[in-house]
Amino acid sequence: MIERTSENDVENGNVIPVTLDANFFFERAVRSLDRFQYDKALKNFRKAVEYEPENPVNHCNMAGILSEMGKYEASNDILTHVLEEIDPSMTECHFYMANNYANMESFEEAERSLVTYLQEDASGEFMAESEELMELLQYELNRPAPLVRIRSREGVVEHDRARSLLEEGKFPQAVALLEEIVQNIPDFLAAHNNLALAYFYMGRFAKAKECLGEVLAQDPGNLHALCNMAIFLQYAGDREQLEGLVRMLEATVPFHQEHVFKMATTMGILGKHRTAYGHFRRLLKDEEVGGDASLYHYCAAAASNSGLESEAVRCWQLAAKLDPESAVPKFFLSQLQLAQAEGRPLPPVSYNYQLPFQEQLKQWKNNMGSFSEEVRNNPLLRASFFWALRYGDSSTKLQVTEALRWIGDDEMSEVLKGISEQEPLQETALLGLQRLIGGAPEENTIQRAVQEPVVPIHKGPPEWKEDWQRVIDHTAAVMDRRYDAVLKKDAELLWKQFISRLYPDVPLFRHTAGWCAALEYLTAKLHGHPLTYREAAQRYGVSVSMVSRYARRIHQVCGFPQDGAAADILPPFTENI
């Protein structure tokens with residue numbers, strides 16, 4: 001490792017070290033690549049290879065640039081070196097070589113490389129591209145390709161069905177099918193990744209992380225698994241692991257469309273909006289997907305959340321032109337124009353291509369028949385409702401639960417059973433279950449169901465102590481006239497959940513004001529209200545560090561995102577095969 005500094009800097013005592021290592025040159029190469037400066041990108045990738053000659057990814061990056069420059073033979077020489085000398089398990093090199101041979105019109109060689117890839121690759125990462133290339137080779141060679149055993153096609157029909165169920169929000173059915181697939185085919189990594197997503201959307205976080213662990217044990221560089229793990233770590237509040245993983249992902253520039261989209265959506269969910277914006281812009285340059293109105297909305301959301309308002313306006317205008325019947329781009333354009341007129345920033349925008357949740361509920365409030373029909377027929381909407389039930393604020397959860405109890409199907413019944421264990425949803429969920437299972441019950445039946453719940457909630461403290469109640473009372477008094485009754489009630493529920501999860505190991509709360517400040521801070525954030533640690537500290541007369549420390553503690557115990565914008569209701573972006 002070399003550190004280069006200026007003599008003037010040394011004399012002045014201002015030493016600014018520049019670390020010359022593989023990562024330094026990799027980042028320079030990526031910047032050149034973003035500017036389509038292939039010569040510079042190649043030069044820097046070569047330097048990265050010099051510093052880490054045993055890292056196959058650096059070699060493949062160099063081969064990819066050479067291929068883009070039309071130097072196919074040189075690209076194949078590097079890919080052959082990777083397979084023979086560095087990492088024979090990088091089966092994707094055979095696919096890259098097949099493409100290079102096809103571009104050189106060496107179709108026999110292209111076919112041999114492609115057949116080898118299909119026989120050896122376990123994940124089927126480039127299966128769709130392989131099928132297209134095989135059709136081209138059959139046409140050029142005027143004969144069918146030799147029969148091969150395609151490892152990644154095992155279980156493919158079942159996996160496609162499970163993926164569809166997952167994207168439709170039918171998580172229990174998807175889990176049942178995916179569990180069967182991974183049991184029969186343990187190396188089917190795409191199925192493991194999608195099973196992890198299904199567990200996550202059902203709130204089974206431990207099982208979700210277990211699935212990803214199995215994927216990363218077999219393929220430590222699996223991009224889908226790494227992106228999913230980052231999202232899981234964020235919702236678990238594991239900042240230490242998350243920061244390292246996010247740094248690595250931010251330095252990664254995927255080449256393939258699916259990987260770029262996965263990275264873009266992941267960065268958006270993680271709140272790295274400027275990085276997400278860069279990836280979405282790359283996708284918009286692709287002719288295959290550049291005409292998709294939803295993609296322009298994603299880019300607009302990333303731009304707006306990054307403070308790039310003029311770019312957000314441009315993207316929403318294009319989305320409105322591509323999809324004139326949709327109310328989504330028009331709604332956000334009007335909201336942005338209103339915010340600009342009032343001299344304030346637009347609140348965080350969801351990447352989901354639909355109206356904000358509260359706006360939808362307003363429109364459907366007086367038309368439940370239309371609402372029921374749309375929820376049944378719109379898988380994206382169903383998925384977003386389930387997501388809101390898991391991660392929305394308390395007010396949204398209650399409204400959604402009340403609405404979903406009118407959708408009388410088995411899937412909704414199962415979802416409501418799952419959430420009936422959660423406070424403060426228990427009463428509403430049980431009422432919904434009564435409607436689904438036995439029609440509209442009489443009042444006394446409902447009351448019994450609420451008073452004697454079928455699904456027991458976790459047991460809390462048998463006796464509520466005075467110092468615990470003091471936190472609720474003081475917080476409510478300070479929040480009075482600043483927030484409505486819903487927020488004050490949510491603060492109380494959050495504190496009760498915190499105590500209940502700590503019990504019986506509840507500590508003595510010596511600094512009441514500090515816990516009150518943390519409680520108000522978290523409640524405000526969950527509802528999207530702008531409140532800083534410093535402002536909360538000033539209201540309660542405590543230090544900023546105390547508010548931050550206590551808020552982190554409540555966050556760790558209760559397990560919800562501190563940033564209200566982080567609970568985006570993006571539908572599950574599943575992995576293809």
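How many of the 15 residues of helix α29 are buried?

## Helix α29

In this predicted model, helix α29 is mostly covered, with 13 of its 15 residues buried. The helix comprises residues 512–526, and its end C-alpha atoms lie 21 Å apart. This separation agrees with expectation, because 15 residues at 1.5 Å a residue should span 21 Å.

## Helix α31

Helix α31 covers residues 544–558. Its 15 residues should span 21 Å at 1.5 Å a residue, and the distance of 21 Å between its end C-alpha atoms agrees with that value.

The buried residues of α31 are Met 546, Val 547, Ser 548, Tyr 550, Ala 551, Ile 554, His 555, Val 557 and Cys 558. An α-helix has 3.6 residues a turn, so residues three or four places apart point the same way.

## Positive surface patch

A patch of positive charge on the surface brings together Arg 28, Arg 31, Arg 35, Lys 40 and Lys 43. Two elements each give two or more residues to this patch: α2 (22–34) and α3 (38–51).

Arg 28 is located in helix α2. Arg 28 counts as partly exposed because its relative accessibility is 36%, and partly exposed residues fall between the buried limit of under 20% and the exposed limit of over 50%.

Technical notes. Residues numbered from 1 in each chain as written. Predicted model: local features only at pLDDT ≥ 70, side-chain atom pairs only at ≥ 80, totals over all residues. Heavy atoms only, no water. Helix = DSSP H or I, 4+ residues; strand = E, 2+ residues; numbered from the N terminus. Expected span 1.5 Å × (residues − 1). Buried < 20%, exposed > 50% of the residue type's maximum accessible area, 1.4 Å probe, protein only. Patch = residues over 30% accessible without salt bridge, like charges linked within 9 Å, V, L, I, M, F, W, Y side chains within 5 Å. Areas by Shrake-Rupley, 256 points an atom, 1.4 Å probe, with all protein chains shown as cover. Salt bridge = Lys/Arg side-chain N within 4 Å of Asp/Glu carboxyl O. Lys, Arg positive; Asp, Glu negative; His and termini not counted. Charge placed at Lys NZ, Arg CZ, Asp CG, Glu CD.
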